[in-house]
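Welcome! Let us take a walk through this structure together, one part at a time.

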Amino acid sequence: MSNLLQGVNLYLIGMMGVGKTTIGRLLTKELGYRFVDTDDVIAQATGKSINQIFAEEGEAGFRQLESDVLSQVCAFTKLTIATGGGIVLRRENWGYLHHGLIVWLDVPVEIIYSRLAEDTTRPLLQDADPKGKLRSLLEQRTPLYSQADLHITEREGDTPEDIAKRILEAIPGVLKPQASR
Ligand SMILES: Nc1ncnc2c1ncn2[C@@H]1O[C@H](COP(=O)(O)OP(=O)(O)OP(=O)(O)O)[C@@H](O)[C@H]1O
Ligand SMILES: O=C(O)C1=C[C@@H](O)[C@@H](O)[C@H](O)C1
Ligand SMILES: [Mg+2]
């Protein structure tokens, strides 16, 4: 399995709570890759939580840090990269993402909401109507997430292992020729 992607990075995109970290770790093991989470890198590099960065520097400040981290990470190979839910918003980020294979994990809002209802670490969900906010974010971002190479929709009862297996099976069909990278 370790040669499946020929060293090409695998980027997981999608809304918060869709399973990027959980599934990313499973894929990393199967591929013999290393795992990177852009939110974690930002928190480690700044010594601040994502909430703190949003509070002190605003969303624009956070997005700049996110682009900086992505631009550095994409220089490496053999990585599975779990990205922040909003990484698709900046056009420049797509230039970096397209160096690798991009997988969109698509999960219904009801399920995302049930997973994150008790979570206070998502600044964008600190809203009077978090479910409505999730819906509008997903609606706004769907055309962007749709630019992924692979669109994986979670079906009812799918475990993270099931989804990781589906991604691995689909990779050969969407792998771009190396010369184009
Ligand atoms: N297929 C699944 N079935 C059930 N629970 C799941 C599934 N995938 C992920 N989860 C659970 O949902 C929660 C969110 O998953 P995870 O942290 O991997 O999402 P994420 O996309 O990395 O979120 P974030 O954007 O916050 O980084 C975790 O508690 C995880 O165990
Ligand atoms: O969906 C988003 O815009 C975000 C998702 C998280 O991964 C973090 O990157 C941050 O909370 C913003
Ligand atoms: Mg995560």
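In what order do the five strands of the open sheet lie? Keep in mind as you look that this is a predicted model. Reading across the open sheet, the order is β2-β3-β1-β4-β5, and the pairing is parallel. At the edges you will find β2 (34-37) and β5 (150-153), each of which pairs on one side only. From one strand to the next, the twist averages 20°.

Now zoom in on one pair of neighbours. Strand β1, made of residues 10-13, pairs with strand β3, residues 79-82, in the parallel sense, and three bridges join them.

Next, turn to ligand 1. It is surrounded by 15 residues, and the closest are Gly17, Lys20, Thr21, Thr22 and Arg122. By type, the shell around ligand 1 splits into five nonpolar, five polar and five charged residues. Two helices, α1 (20-31) and α7 (160-174), each supply at least two residues of this shell. Of the elements involved, α1 gives the most, with three residues.

Which atoms come close enough to be worth a look? Glycine 17 places a backbone N or O atom 2.9 Å from an oxygen atom of ligand 1. Threonine 22 uses its side chain instead: a polar atom there lies 2.5 Å from an oxygen atom of ligand 1. At aspartate 158, a polar backbone atom is 3.2 Å from a nitrogen atom of ligand 1. Taken on its own, ligand 1 has 640 Å² of accessible area, and the protein covers 70% of that.

How values were computed: Residues numbered from 1 in each chain as written. Chains lettered and ligands numbered in written order. Predicted model: local features only at pLDDT ≥ 70, side-chain atom pairs only at ≥ 80, totals over all residues. Heavy atoms only, no water. Near = heavy atom within 4 Å. Polar contact = N/O pair within 3.5 Å; in protein donor to acceptor, adjacent residues only side chain to side chain. Areas by Shrake-Rupley, 256 points an atom, 1.4 Å probe, with all protein chains shown as cover. Helix = DSSP H or I, 4+ residues; strand = E, 2+ residues; numbered from the N terminus. Nonpolar A, V, L, I, M, F, W, Y, C, P; charged D, E, K, R; others polar. Pairing = 2+ DSSP bridges. Axes fitted to C-alpha atoms, helices over the stretch in contact; angles between N-to-C directions.
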